[in-house]
Every structure is written in C-alpha cells, then in structure tokens.
Amino acid sequence: MEVFHTGVNCEIMKIRSCSGITKPGLLLVHSELPALTFHKPKLTWTSTLKIPGNCERTSGSVTRFRCSVAGRTFSSIPVSSSSSKPYTVHLNRKQVHPSSLYSRPSLSNMKKERIANRAKVYEFLRVLGIIPDELDGLELPVTVEVIQERIDSLHKLGLTIEDINNYPLVLGCSVKKNMIPVLDYLGKLGIRKSTFTEFLRRYPQVLHASVVVDLAPVVKYLQGMDIKPNDIPRVLERYPEVLGFKLEGTMSTSMAYLVGIGVSRREVGGVLTRYPDILGMRVGRVIKPFVDYLEGLCIPRLAIARLIEKGPHILGFGLEERVKPNVASLLEFNVRKESLPSIIAQYSEIIGIDLLPKLLGQRSLIQSIIDLKPEDFGTVVEKMPQIVSLSKTSMVKHADFLKACGFSLQQVRSMVVECPQILALNLDIMKLSVD
C-alpha cells in the first residue's frame, strides 16, 4: 500500500489487489446514508481504487478507518477476517431519543402568558394610583418587581405619582439602560442635582434619549452657537426641551432669521444664554409675525434687532394674548400712536405685562396725589412708560418732598407732567440739589 498527500490535507490510499483475494480490505461509504451494509463480494479485481480518508491498521486483513465526506465524519467497525458478518458503517453522530427533545411552548401559550403578566403589572399600577391606559403597546417589564424598581427610582428623583400620570410612558425607561446613563451625562455637563426634578417634569422624554445619538450632538451644536461651556448647564436648566430638537430644524432656522433682521452674530451666544426658548420658536408662527407687527407700529427693523439683543424674552410675549391688547390699552389711555415706538424702545416690558389693571391703578393713584387730569396721564406715560410699574410709596414720598420745598399742588402737577422722572429720582440727591 502506498500513501500520497494531496493539497487539501487528506490522505489518498492507493490499494492494488491481485487475483485470489476474495475479501476486500476496505469498506465503501455513501455520504447520504447514515449506515450502509456490504456483503462479501465473490469477484476478484485488479483495478486501482482511491478513497480519501484516514486509515488506522489494526490486525488481520481488515482495516478500521475514518473518512470525511462533505464535512461529515464516518467510521467503520473493525471486523475479523474470518467473520462472515456483513460490513457495517455507522455515522459518528450522537443519537438523541425523541422524548428528550426540547419542547418549545406554542405561540398561543406565549401570548397568553404575556397577557397574564401585563394584567398583573396593570393591576399593580392601579393600586398605586397610576392610570395605565396609555401604556398599551409600550414594552413594559414582565414582572411587578422590575416595574416597582422603576417607580422607586423616579420617586428618588422627586417625581410624584401625579408626574408619572402626566407622562406615563416614562415607565418604559429602564433604570440601567436609560435613566442612569442619561442622568450621569447631565451631571457631568454641570446640571445641578437640585434641578433634576423640575428638569424631568418639564422634559421627561429625556430619559428615553441616547446620550451619543441624541444628547451629545445638541450640546455640541449649542457650543457652536457661541454659548460658553460654563453656560451650557444654565441653558439646559432654563429650557430642557432643547435636547429634543433636531439640529436641522427649528433651532437653525430661528437663529438664521434673527441674524437676517440685524441681530449681531457676536450677540447670538448671549441672546441664547439669556433666553434659550428662542431655539424652539418657529419663524413663521412666532418670530416673523412679532417682528412684522412691531414694524407696523413704525419701529425700524434694526431697532427691533437691538431690542431683541437687549431683552430677547420679548419674543415670548404672546402677540395676540398680550402685545396687541396692550397697545390698544395705551391708545385708550390717551397715548398717541406716533409715540408708541418711543414707549416700546424705552420700556419694552410694557407690551408683555398685564397692562390694563396697572394703567387703571396708576392713573387713579397719581390723580389722588397731585390731582392729575386724565388727559395728562397719556403724556406722562409717553415721557416715562416705567411709571405704570412705579410703586405707590415712591410717588407719595417724592410728591410730599416737593410740597415740603414750597411748591404748590399745581406747580408739582406741572412738574410731573413736564418731567415725570422726578417721581423716581434719588431723594438724597434731590435734597442736595434743592439745598
């Protein structure tokens, strides 16, 4: 027998036989059958047969061997040369009894089990006072113990049952996968733990966010808007909803519009730091109508830009709810329309406060102190719009001081109409000036 090695690491046995041999020294194997039986052939042959395999010679004229066919291993049982039993090849594979096979539950049983577990969780939530109606379709823990862990974690953050009912989807947040990574990231940014409760009440959706995919890109964008790193925590505390905005959406368009009307690029960081709510304002629905209305009052666009730089919160004054009614009230109290730009430029808060009650109260107060005529009250407001917020104590003290200096009531009234700031000056300086 001569043995040759091929390129595929298998041995080729080349067996030559001669006449007079009636028993074969090898077994044939079929790759598709687990076991084959061959009977002793009666014929003799002189051909050469090549079989890939690994042979192990034992004793006698019969050889035990293994061969690999299509990745499957077969082995033979050694048989004595004098045995008349047929040659059998067995598949070298572990036999498993059918009764030991893993029994998988049916889909219907799995569905019934899920429904039963969810019913237990719902009942547990109802006992706590949590309404689970909005949780249908949300992936929840299958055990009461896990849902209890989530509720306990939310309580430690200061959230109440009422807060959870306001946003019950927060129960879908895993403590380890969602809550801990997000809160750790916010803490590293510098957000104070004392503000976490209010932060989560305003924007509980942050607990669903991915730190890498959702939160970090927004923080990087804010830094790119010239917001100082030390100011980022304060911006997020004032307006946590910004963490849910898309970078290519409202945030970019709102700032682009403000720069377009004249807001200095160098002031953008300061504007956003003081009033980050701008990032969530839609240009077409909020910012542009506000700017257009002020332009309609004859306030130049560049002047509006300066007002926004000085007090960006004015963009949050409701146009229909506050601004327009307040302008109407000023006109009703004898303020001239052409004076509106000057009034708003001096005291922009006047278009955002609850103005009508203040106008009524201040007009009545000044009238009782210096006998001011109703038609003169409009003139006083035009020259000093801050008078609508001036305290009663200040006005009384200044009027009494002027009277004590020898001025008549009529003279004091004329002085106030001509220069209403006299009611707000520092009294010590006024005394020095009189002396």
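Where does Ile 422 lie?

1. Ile 422 sits in the loop between helix H17 (409–418) and helix H18 (427–434). Helices here are DSSP runs of H or I with at least four residues, numbered from the N terminus. A word on the basis: this is a predicted model, in which local features need pLDDT of at least 70, side-chain atom pairs count only at pLDDT 80 or more, and totals for chains, interfaces and linings use all residues. Residues are numbered from 1 along each chain as its sequence is written, and side-chain values use heavy atoms, with hydrogens and water left out.

2. Ile 422 counts as buried, at 12% relative accessibility. (Buried is under 20% relative accessible area, exposed is over 50%, and partly exposed is in between, with a 1.4 Å probe and protein chains only.) Leaving aside residues up to four places away in sequence, Ile 422 touches His 398, Leu 402, Met 415, Val 416 and Met 430; contact means heavy atoms within 4.5 Å. Ala 399 is 23 residues from Ile 422 in sequence, with 8.9 Å between their C-alpha atoms.

3. On to the rings: the structure holds two aromatic pairs. Tyr 239 and Phe 245 form a tilted one, 5.9 Å centre to centre with 50 degrees between the planes. Rings of Phe, Tyr and Trp (its six-membered ring) pair if their centres lie within 6.5 Å; planes under 30 degrees apart are stacked, over 60 edge-to-face, and the rest tilted. Tyr 239 is buried at 9% relative accessible area, whereas Phe 245 is partly exposed at 25%.

4. Phe 333 and Phe 377 form an edge-to-face pair, because their planes stand at 65 degrees, with ring centres 6.2 Å apart. This pair links distant parts of the chain, 44 residues apart: Phe 333 is in the loop between helix H12 (319–332) and helix H13 (340–346), and Phe 377 is in helix H15 (residues 374–383). Phe 333 is buried at 4% relative accessible area, and Phe 377 is buried at 0%.

5. Do have a look at helix H8 (residues 250–261) as well: its 12 residues reach 17 Å from first C-alpha to last, close to the 16 Å expected at 1.5 Å a residue. That expected span is 1.5 Å times one less than the number of residues.

6. Thr 250, Met 251, Ser 254, Met 255, Tyr 257, Leu 258 and Ile 261 of H8 are buried. They cover an arc of only 155 degrees around the axis, so they lie on the same side of H8; the arc is taken from the directions from the helix axis to the C-beta atoms. The buried residues of H8 pack against helix H6 (211–224), helix H9 (268–274), helix H10 (283–296) and helix H11 (301–310). After H8 comes Gly 262, with a positive phi near 125 degrees.

Conventions: Helix = DSSP H or I, 4+ residues; strand = E, 2+ residues; numbered from the N terminus.
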